[in-house]
Amino acid sequence: MRYDELEAAILQLVVAAGEDQLRVFGLETVTRLVRAELLETVADDELNEDGWAALASARENVPTADATQLRAELERIEAGILADGDLDQGLLIVITALEHWTTYLEENARGELYELAIRSVEEVDFQVSADLDDVLGTPEMAAEYERIRRLLTA
């Protein structure tokens, strides 16, 4: 499967999924994307102390926090960014995942969960460097697509 075909397949899954499936998928995916391993190599000077505290709070509370709580944490994180230019890849993945989940909670927009799914695929691709013409050719990418498909069709 080519990468563009994967994107189209994920979009179809998101469009066809029921509300309960979307919620379960989104929560599991954002929880996966805010895990500590992605932040292991991030330099301390990427965020100020309050930014790090807000990020820790958002990551810890993502399963139970509502949109208002997460938006407040995201605003603190954004205000605490010290990096001049590009953020560390892991930190960017975590912040972006929190943003998509929060916006989904605020607006109930399926497109945010599609974007969350694509960020999840990209995170796996970053680890294994999948072939764009055979994106599911690695076991890791095939497993991630299967996870997405299973959650959205359960």
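A salt bridge here is a side-chain nitrogen of Lys or Arg within 4 Å of a carboxyl oxygen of Asp or Glu. One such pair in this predicted model is R2 with D4, where the closest N and O atoms sit 2.9 Å apart.

Another one joins the side chains of R76 and D50, at 2.6 Å from N to O. R76 lies in helix α4 and D50 in helix α3, so this bridge ties together parts that are 26 residues apart in sequence. R76 is partly exposed at 30% relative accessible area, and D50 is partly exposed at 39%.

Through shared partners, salt bridges link E144 and R147 with E28, R32, R35, E37 and E123 in one network.

Turning to the nonpolar side, the largest core counts 47 residues, and those with the most contacts inside it are I10, L55, I77, L91, L98, I148 and L152. Helices α1, α2, α3, α4, α5, α6 and α7 each supply at least two residues of this core, with α5 giving the most, eight residues. Leaving out neighbours within four places in sequence, L55 is in contact with L39, L47, I77, L91, V94 and L98.

How values were computed. Residues are numbered from 1 along each chain as its sequence is written. This is a predicted model: local features need pLDDT of at least 70, side-chain atom pairs count only at pLDDT 80 or more; totals for chains, interfaces and linings use all residues. Side-chain values use heavy atoms; hydrogens and water are left out. A nonpolar core is a set of buried Ala, Val, Leu, Ile, Met, Phe, Trp, Tyr and Cys residues joined through side-chain atoms within 4.5 Å. Buried means under 20% relative accessible area, exposed over 50%, partly exposed in between (1.4 Å probe, protein chains only). Helices (H or I, at least four residues) and strands (E, at least two) are DSSP runs, numbered from the N terminus. Contact means heavy atoms within 4.5 Å.
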